[in-house]
Amino acid sequence: MSIKHFMIINLLTILVILYAIFADYYQEQKSHTAEVILGSLKDDMSEISYLLSKQIVDKKMVRTTRSLLDRAVSNNDFIKAIMILDDQKVLLTTDPRYRKVPDKKNVFLDPDLSAENILLDHVGFEGTIRFYKGKDLQKLTLVFLFDHQEAAAFLNQNSLKFLLYFGLLPGLIILVMWLLMIRYIIKPLERLRQYAYYQSETPSVFNLKELEYIRSSMAQTFSRLDSEQKELFNLARTDSLSGLANRHALNENLKCLIADAARKNYEFAYLFLDLDNFKAVNDALGHNVGDELLQQVAGVISEVLRTNDFVARVGGDEFVIVLHDYESLSEISNILERIQSRLNVPWIIQGHPIKITSSIGIALYPKDAQDMIGLMKSSDIAMYEAKKRGRNQHYFYTEELNVTVQKNIALDKAMRQALEDHEYHLYYQPKVNLLNGDIIGLEALIRWFSPTKGMIMPDQFIPLAEENGFILELGKWVLQEAFRQQKIWQQQGMDLHVSVNVATKQLLDNQFESLLEHLVKETGVDPNKIHLEITEYLFMDQNDKNLNLMKRLRSKGFSISLDDFGTGYSSLSYLKTFPISELKIDKAFVRDYNTPDGAVFLETIVKMGQTLKLQVIAEGVETEAQARYLKKIGCECYQGYLCSKPLPVKELDTFYLKHKSCMLED
Ligand SMILES: Nc1nc2c(ncn2[C@@H]2O[C@H](COP(=O)(O)O[C@H]3[C@@H](O)[C@H](n4cnc5c(=O)[nH]c(N)nc54)O[C@@H]3COP(=O)(O)O)[C@@H](O)[C@H]2O)c(=O)[nH]1
């Protein structure tokens with residue numbers, strides 16, 4: 001039951017009780033009035049009886065009393081007529097209309113009957129006139145006939161007043177009480193209920209103390225809950241480390257932005273920023289330093305951006321910036337250049353000097369993607385392109401880039417499957433001694449035989465394998481296969497070393513050394529018969545770790561051959577420091593042997609090799625003229641189509657048995 005209904009029932013009960021009390025009181029008043037009237041009639045009766053008793057000495061004199069009786073009737077509104085009866089005979093009546101002797105029981109004053117009943121229901125009442133005629137006591141009956149109409153009118157004359165005072169008043173009181181209750185209890189309670197349920201506007205102060213206590217406690221509780229909720233809301237949307245928005249907040253923001261941009265038809269830019277080499281900072285200097293660096297980076301980004309731009313940290317060293325309200329794409333570029341140049345300064349974090357750069361991918365809504373996932377993907381693709389292009393730059397997503405990425409994804413999948421399906425084979429290309437034409441070694445070169453696409457050359461998949469790390473798995477297979485083959489040839493009496501291309505990622509892998517040990521054990525190959533062809537990129541970071549690794553590999557018998565020499569890192573200091581056995585001059589220089597610059601380069605390398613006691617081998621030798629020139633300048637070895645293209649094992653066996661050497665014609 002509601003409070004309202006409860007109140008109504010209570011008020012109605014009070015009203016009914018009040019009415020019952022008042023009705024009882026009214027009835028009592030009426031009876032009392034009737035008693036007073038009847039009393040006065042009785043008094044009149046006594047008085048008139050007395051006067052008549054005195055006046056009458058003979059029944060015949062009754063008529064003489066007429067004036068007295070008329071006066072009595074006119075003096076009393078409740079008497080309609082007065083009759084004097086002698087037994088059953090009417091001697092006198094004040095109103096000739098009433099000549100009939102009234103029934104005895106209708107004029108008898110029954111003490112059990114109420115005055116009101118007598119006045120209203122009886123015809124009248126009687127009294128006795130006693131007088132002496134001589135010595136004889138004579139009796140006559142005096143009858144007062146009631147004027148019922150008058151009596152009823154008199155008795156009821158107060159009922160209107162009563163109704164006004166006692167009938168309407170409680171009603172009014174109850175109404176006022178009801179209105180007060182509505183105003184001070186029911187409405188405040190309803191407002192409290194609404195407040196509790198919908199947490200609508202805080203109700204203003206209530207007049208009733210208890211309700212006010214409830215209201216103010218609720219207001220305090222809600223305000224506390226509100227601030228806690230706000231705090232939780234912010235916590236759930238804030239990255240605790242940087243204080244920037246987190247991924248959750250980014251998603252919410254993007255959802256609104258996409259909806260708004262779709263409705264109002266405007267463009268915005270979704271930028272994905274990734275720090276370059278942040279992992280190295282974390283690994284080398286610890287997470288404390290990494291965390292502080294991230295905080296500083298967050299500060300720089302926020303400083304450069306305008307207040308209505310949005311920035312979130314969405315991963316370890318990954319930030320997302322959402323820009324809108326820009327005039328042109330070059331405005332975006334300007335902002336990003338500002339961020340990148342502000343980041344690309346020497347930082348001192350906890351006493352450590354740190355250099356950090358960033359790569360940023362940009363996707364535009366709606367051109368590049370129309371939804372959140374699409375924007376993330378596109379900006380991610382663009383960011384990787386920025387990294388691929390040398391880091392510390394930003395790159396706008398293009399559909400062509402996407403096509404390349406999709407191709408690479410498919411290639412990546414196929415490349416991995418190909419290893420399981422044994423679609424890779426090693427070809428071998430002879431390395432030749434220029435002085436005597438002897439084949440001194442072989443370079444293992446991978447080929448992929450796809451059942452659908454035929455032979456796929458390594459430069460179509462090795463770069464991707466190096467990029468996505470698959471080179472570790474594939475390189476392991478190459479090493480295993482080359483070691484196994486060298487051992488077979490060795491057992492067959494072909495005393496040739498085998499050169500294996502080793503990607504920088506493979507070399508830097510912590511498991512590389514143990515992998516070599518394991519493969520040596522597994523295949524039984526002599527490490528002295530293995531050349532590991534590495535590129536100059538390894539020497540970009542000439543740290544002790546790399547140097548020690550090279551030294552350990554060398555001490556185990558492996559030879560280190562420097563591939564594509566001249567195309568990469570320009571500092572030559574590593575040639576002295578690192579235990580390198582062989583320099584392979586890139587085929588681009590061999591091709592240019594007959595140009596002044598090419599010749600100078602080749603001669604310089606050969607001389608330098610001689611000075612440093614390194615074996616120098618020229619790659620890509622296709623003509624006798626090239627070979628003769630190389631021989632003339634003192635280059636010891638060459639590799640190239642002049643002797644043979646890379647061949648599969650069987651063909652190479654045949655070739656080797658047939659030629660054994662690639663002697664230059666005199
Ligand atoms: N990490 C690994 N890299 C590998 C592996 N196998 C090959 N590769 C690298 O792929 C690049 C392309 O190799 P490929 O297509 O096999 O080309 C080699 C030779 O075929 C080519 N060559 C040899 N002689 C000539 C010539 O006279 N003319 C001419 N135009 N090309 C010639 O040169 C490539 C050998 O290069 P290099 O390794 O630098 O000695 C290449 O970079 C390979 O390194 C692998 O298993 N792992």
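Figure 1. β13 (439-450), α14 (471-491) and β17 each supply at least two residues of the shell around the ligand. The ligand is surrounded by 24 residues, and the closest are L445, P458, N501, G640 and Y641; a residue is near a molecule if its C-beta atom, placed from the backbone, lies within 6 Å of it. By type, the shell holds 10 nonpolar, 6 polar and 8 charged residues. Ala, Val, Leu, Ile, Met, Phe, Trp, Tyr, Cys and Pro count as nonpolar, Asp, Glu, Lys and Arg as charged, and the others, Gly among them, as polar. Residues are numbered from 1 along each chain as its sequence is written. This is a predicted model, in which local features need pLDDT of at least 70 and side-chain atom pairs count only at pLDDT 80 or more, while totals for chains, interfaces and linings use all residues.

**Figure 2. Helix α20 (residues 596-611) and its surroundings****.** The 16 residues of α20 reach 22 Å from the first C-alpha to the last, close to the 22 Å expected at 1.5 Å a residue; the expected span is 1.5 Å times one less than the number of residues. L602, I605, V606 and G609 are the buried residues of α20. Seen down the axis of α20, these buried residues fall within an arc of 95°, so they line one face of the helix. The arc is that of the directions from the helix axis to the C-beta atoms. An α-helix has 3.6 residues a turn, so residues three or four places apart point the same way. P596, D597, V600, T604 and T611, on the other side of α20, are exposed. A residue is buried with 20 or more other C-beta atoms within 10 Å of its own, exposed with 12 or fewer, and partly exposed in between, the C-beta atoms being placed from the backbone. The buried residues of α20 pack against β17 (559-565), β18 (582-585), α19 (587-591) and β19 (615-618). K613, with a positive phi near 60°, follows α20.

**Figure 3. L68 in helix α2 (residues 66-75)****.** L68 counts as partly exposed because it has 15 C-beta neighbours inside 10 Å. Leaving aside neighbours within four places in sequence, L68 is in contact with I48 and L51; contact means that the C-beta atoms, placed from the backbone, lie within 7 Å. The C-alpha atoms of L68 and I48 are separated by 8.1 Å, and the two residues are 20 residues apart along the chain.

Figure 4. The peptide bond from Y365 to P366 is cis, with omega near 5°. P366 sits in the loop between β10 (357-365) and α11 (372-388). Q350, in the loop between β8 (347-349) and β9 (352-354), is not a glycine but has a positive phi near 50°. Q350 is exposed, with 11 other C-beta atoms within 10 Å. N392 lies in the loop between α11 and β11 (394-396). Phi of N392, also a residue other than glycine, is positive and near 50°. N392 counts as partly exposed, with 17 C-beta neighbours inside 10 Å.

Conventions:
Helices (H or I, at least four residues) and strands (E, at least two) are DSSP runs, numbered from the N terminus. Two residues are in contact if their C-beta atoms, placed from the backbone, lie within 7 Å.
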